[in-house]
Amino acid sequence: MTGASVEPAMKPQVPLSRQISISDDDSGDQPAGTDLQPFPPFRLCRLDFREGCYQINFRPTAGFVSFEGTLRVDRSAPDGGADHLIVSGDLYSKRPVIGPIPHPLLPVGNKDGDAATADAGLTSLAGSLSAVDEPAIPFPIRRPRIPIFPRARYHSYLRVTSVSAPVAVPLPKKCELTIVAEQFNYTQPPVGQFKGTFPATPSRTVTMKLAKVPAPFPFSLTGGPFYEGRLFEGGVDKGSVTLAWVSKFFRRATLEIDTLVGAVRPAPVPDGAGGTEFFDTIFARTGWQLTVVQDQLNVPVPSGVVPTNCWSSADLHALMTTVRNPATNLDAEWRVHMIVVPAKLGCSRGIMYDQIGVPREGCASFSDDGYPTSDSSNFGLAANRKQRDVPRAFLRSATHELTHTLNQIHQEQETAADNSIMTTTPSVADVLGGPATGEPGVFPDQIKLAHNTNVRHHLNHMPDPVIRPGGWPFASWFPTGAPQAADRHDFEPSELTLAVTATTDRVALGQPLDLTWTMTNTSGVSLRAPNDVGIEALFASITVTDAEGRERPVRPFVILCEHAKLSELEPGKSVTASAKVFWSTAGFAFERPGRYRVDVAVSWSAQGVMVGVQSGIDVFVDYPSSASDNHSANLVLHPEVGKWVALGGDAYHLGEACRRSARPRRRQVHWPSPATARPRRGCSTASRTCCRTAPSSPDCVPS
């Protein structure tokens with residue numbers, strides 16, 4: 001684990017547990033030593049509130065819906081204060097079963113490497129099996145593991161504010177574990193969207209009073225503690241609650257790696273202590289149980305693609321859509337798909353798409369790209385070499401993309417560049433080598449394959465929907481735009497400016513807006529600023545505000561950031577970027593006619609202080625003037641068409657977009673459809689390409 005060099009510059013817009021203290025437990029709540037002899041009338045408490053993941057079950061006294069979930073007890077958090085303690089949890093609703101009630105089958109799995117064995121718990125096996133009428137235990141018998149619950153049943157986040165685990169209590173008082181938590185009830189997203197909402201303040205505060213009891217089967221197999229007790233709100237008993245330790249890890253997930261013919265996948269590297277480091281060990285240090293499945297090793301090259309060239313966003317998105325495991329059920333497992341392809345030097349070391357079928361389920365790594373000196377002069381012995389030839393840096397880059405799929409952003413935005421996973425590769429080289437060195441043996445040998453404390457905190461304690469694959473869209477947990485109010489630290493116009501322009505100030509309903517922005521150093525000194533201000537590099541953001549003041553972010557669909565870093569911007573020099581403002585995972589930028597404000601902000605962390613520039617333009621979306629205009633707008637305002645535009649065109653695997661784009665062309669209605677995104681290939685003139693996805697469609701005919 002690496003320490004973040006500064007405090008985070010941005011505050012997540014989701015509830016998030018922070019450091020707390022544990023009272024009456026200076027010894028860390030370990031069993032009392034033999035030298036501690038309490039005198040009557042006291043009794044010793046051995047509550048054993050150990051670190052790890054607990055399965056929590058709450059059955060209210062009123063109503064028919066019960067709740068289940070996980071509670072993460074992080075007792076070695078580097079940012080956990082004097083007691084190194086952070087506790088968080090997530091609850092999912094569980095409706096009653098109507099009809100015959102089967103014996104409960106709890107989440108079970110193979111041993112996950114937990115140090116605690118279950119030999120002592122096995123003594124209750126015969127009794128547990130004898131207590132049921134029908135066999136309820138699968139064979140072979142396996143221990144419980146971290147449970148996974150369906151996304152649609154997510155109910156609330158628990159931000160634990162205090163824990164009391166007494167070492168001794170006076171008789172006749174019972175030894176009780178007391179947990180106080182703020183509960184934030186979740187509002188599920190509308191149909192077709194993925195981001196729900198949490199309230200700004202807690203929905204209620206609850207207190208759990210728990211006694212340690214013998215663990216029932218199969219929780220007796222874990223060797224961990226089991227608690228049962230009552231949950232109170234304002235002193236009123238609200239129902240029964242149980243807490244069962246299931247793993248030393250906080251969360252679990254699966255990484256599926258597929259490799260294209262001609263590519264080389266990342267491999268384990270020496271850890272300096274006689275062992276090796278790989279994806280699973282990196283995440284184990286963070287607190288995750290990551291299972292790596294190296295699945296398809298010789299994925300065929302798609303037709304018409306030269307795999308050793310730079311890949312188009314459309315071609316790579318199509319490949320990932322085709323290759324991912326169709327049996328994946330993100331309601332039953334947290335699973336990330338990684339595809340490894342060759343590419344070439346100068347393309348990008350990796351990429352992530354905010355959506356394949358749902359948000360954040362896939363990323364890609366490029367084995368034949370690498371470390372061009374144009375990215376950094378501090379690559380040392382890795383300079384101008386391919387990733388496949390620099391194993392430690394290759395594994396770091398691939399882990400960076402994997403962590404993006406878990407909704408984590410660059411530390412240049414959030415804290416400061418450091419030697420950790422979520423700092424971009426060029427910045428890591430600059431941190432190690434310094435601005436004028438880059439001596440051999442520094443990069444890549446001294447790369448730390450670890451997340452810093454800030455990212456560790458997010459990965460372990462952010463709410464499930466924000467983190468899990470198929471949950472919230474990428475980067476939707478922090479505020480968009482430039483710093484506001486007390487957090488505002490904008491540059492003066494005499495220092496740094498941002499000029500925003502568009503090809504027009506009027507667009508038709510359903511027409512993308514071509515937007516360009518240029519950031520210029522207007523001062524007399526060099527300034528440290530982003531070298532890439534495209535939204536794909538994550539330093540820039542676009543926000544669209546309608547006439548009624550409703551804001552909508554335009555999130556990047558493609559996260560392509562491996563060349564981005566903070567570098568010197570000399571006096572008078574500029575960096576420019578552009579985007580088609582049309583659709584993102586937040587929806588369409590211009591859903592209805594009227595006046596809009598389009599703002600661009602470029603922001604980053606300057607040693608823990610958020611700084612940046614912002615500017616914008618006004619745009620008017622015309623009202624449709626005919627039935628034909630209405631028809632065309634109805635065709636293009638569809639998410640599949642939005643994905644086509646976001647991928648830069650030529651995304652012929654998006655069948656619905658293909659069908660819709662053919663119709664306006666045939667009717668000779670002018671609109672900026674996917675068919676016109678790339679004039680050299682359009683659905684109406686290359687219908688045979690489109691019709692691979694919909695051969696029976698009447699729209700797939702030459703115009």
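Author: A residue is called buried when its relative accessible area is under 20%, exposed when that area is over 50%, and partly exposed in between, with a 1.4 Å probe and protein chains only. What you see is a predicted model, in which local features need pLDDT of at least 70 and side-chain atom pairs count only at pLDDT 80 or more, while totals for chains, interfaces and linings use all residues. Residues are numbered from 1 along each chain as its sequence is written, and side-chain values use heavy atoms, with hydrogens and water left out.

In general, side chains of opposite charge can pair when their charged atoms come close. A salt bridge is counted here when a side-chain nitrogen of Lys or Arg lies within 4 Å of a carboxyl oxygen of Asp or Glu, and a search of the whole structure finds 31 salt bridges.

Let us begin with Arg388, which forms a salt bridge with Asp368, the closest N and O atoms being 2.6 Å apart. Both Arg388 and Asp368 lie in the loop between β20 (362-366) and α4 (391-405), so this pair ties together parts that are 20 residues apart in sequence. The names of such elements come from DSSP runs, where helices (H or I) have at least four residues and strands (E) at least two, numbered from the N terminus. Asp368 is buried, because its relative accessible area is 8%, whereas Arg388, with a relative accessible area of 28%, is partly exposed.

A second pair is made by Asp48 and Arg50, whose side chains meet in a salt bridge at 2.7 Å, N to O. Asp48 has 16% relative accessibility and therefore counts as buried, while Arg50 is partly exposed, with a relative accessible area of 22%.

A further pair lies within a helix: Glu656 and Arg659 both belong to helix α11 (residues 655-666), where they are three residues apart, about one turn of the helix. Their side chains meet in a salt bridge at 2.9 Å, N to O. Glu656 is partly exposed, with a relative accessible area of 23%, and Arg659 is partly exposed too, with a relative accessible area of 22%. Elsewhere, salt bridges that share partners join Arg72, Asp90, Arg251 and Asp464 into one network.
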